[in-house]
Amino acid sequence: MKKLILVFLLICGCALAQAQTGAFDLAAYRDFLAQTGRYSAAQLQSRYDAGRFAAETPVDWQKAIYAASIQQAFLLTDAEKKILDKQGFMVSERLQYDTFMAALADVFHKDLPIFLSADALLHSVHASYDMVLKKIELEILLPTLQTWLDKLHAALPLLENRYAGQSALQPMLYDVDLYISVTAHLLDEKTTPYFAANQTAFQTLLDLIETQQASAYPLFGQSPRKIDFSQFQVRGHYTDEFHPELGRYFQAMMWLGRSEFY
C-alpha cells in the first residue's frame, strides 16, 4: 500500500508542477464561465463530443493473452465467459474481495498480469487516511472527550449549589445533566445522571438509542419531536472488533452532534 501511495503522490506532484508552469488568466476564465455557464446538454455535447459509447464490444476472450491461465486460476463459469465475449470485461460477485490489496495480491500470487486502476490508487489513499483518523480518535480525541465529560459531570453539584435558590433554572440544570450523562454513558457505559429525577428520561433515551429507529420524544422540552435514532447505528471503521471503544465513541459523538437545544 505504501508503494501505491508513493506512485500516486509522484503522479500528483508531476501534474501540479506542470500546472504551475502556465499563467492563469482570471479575466479569461470569467469570460469562459459567462459563455458556458448555461449550456444545455446538447450544447455541451456539441462542444465536448465524447463520441458514441458502444453497448457491446464483442470479443473472443479465449484468444486473449493469458486466457488459459486466467481460466485455470479462477475457473470462470459459462455465464461469466458469455459476459466476457459480449462486453470484453466482466464483474463477478463470485470472485469478490474485501479490499483492492487482497485482489491485487491474489492476482500477483497467481502470476497473472495486474492492472492498476485509478480507483485502486485512490483506495490506498483513502485507506491510509482512515487508519490515520482512527489512530487520532483512539489516542487523542476519545481520551480528550472522556476527560472533559468527567469534568463537566463533576461540575454538576457546583451548579446545583450555585442556583439552588432559583427554581426557574431547575429544568435547565436537568437538561444539562441529561445531555452530559447520556454522552458519558455511551462512552464509558457506567455514568448515570447526577439528578435522580433524570433517571427515567435517561433510561428511555438509552433504550431509544438501542432500538435505532425514528421515534417521537420531548427532548429538552415539553413537545415531542421526531428524532432519527437510526443514526446511532455504528458503521464504517467504528465497527472495528479489536477496538469496541470506537463504536462507543461514535455513538457519544452522534449524541453530541444531533441533540439540539431549543
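Not counting residues up to four places away in sequence, Thr183 touches Leu149, Ala252, Trp255 and Leu256, where contact means heavy atoms within 4.5 Å. Thr183 sits in helix α8 and is buried, with a relative accessible area of 0%. Buried means under 20% relative accessible area, exposed over 50%, and partly exposed in between, with a 1.4 Å probe and protein chains only.

The model is predicted: local features need pLDDT of at least 70, side-chain atom pairs count only at pLDDT 80 or more, and totals for chains, interfaces and linings use all residues. Residues are numbered from 1 along each chain as its sequence is written, and side-chain values use heavy atoms, with hydrogens and water left out.

A nonpolar core is a set of buried Ala, Val, Leu, Ile, Met, Phe, Trp, Tyr and Cys residues joined through side-chain atoms within 4.5 Å.

| Core | Residues | Members include |
|---|---|---|
| Largest core | 31 residues | Val182, Leu186, Leu205, Trp255 |
| Another core | 8 residues | Trp61, Phe74, Val107, Leu112 |

In the largest core, the four members listed touch the most other members. Two or more residues each come from α7 (118–162), α8 (170–188), α9 (199–211) and α10 (244–258); α8 gives the most, with 7 residues. Helices are DSSP runs (H or I, at least four residues), numbered from the N terminus. Beyond its neighbours within four places in sequence, Leu186 is in contact with Leu206, Ile209, Phe232, Arg248, Gln251, Ala252 and Trp255.
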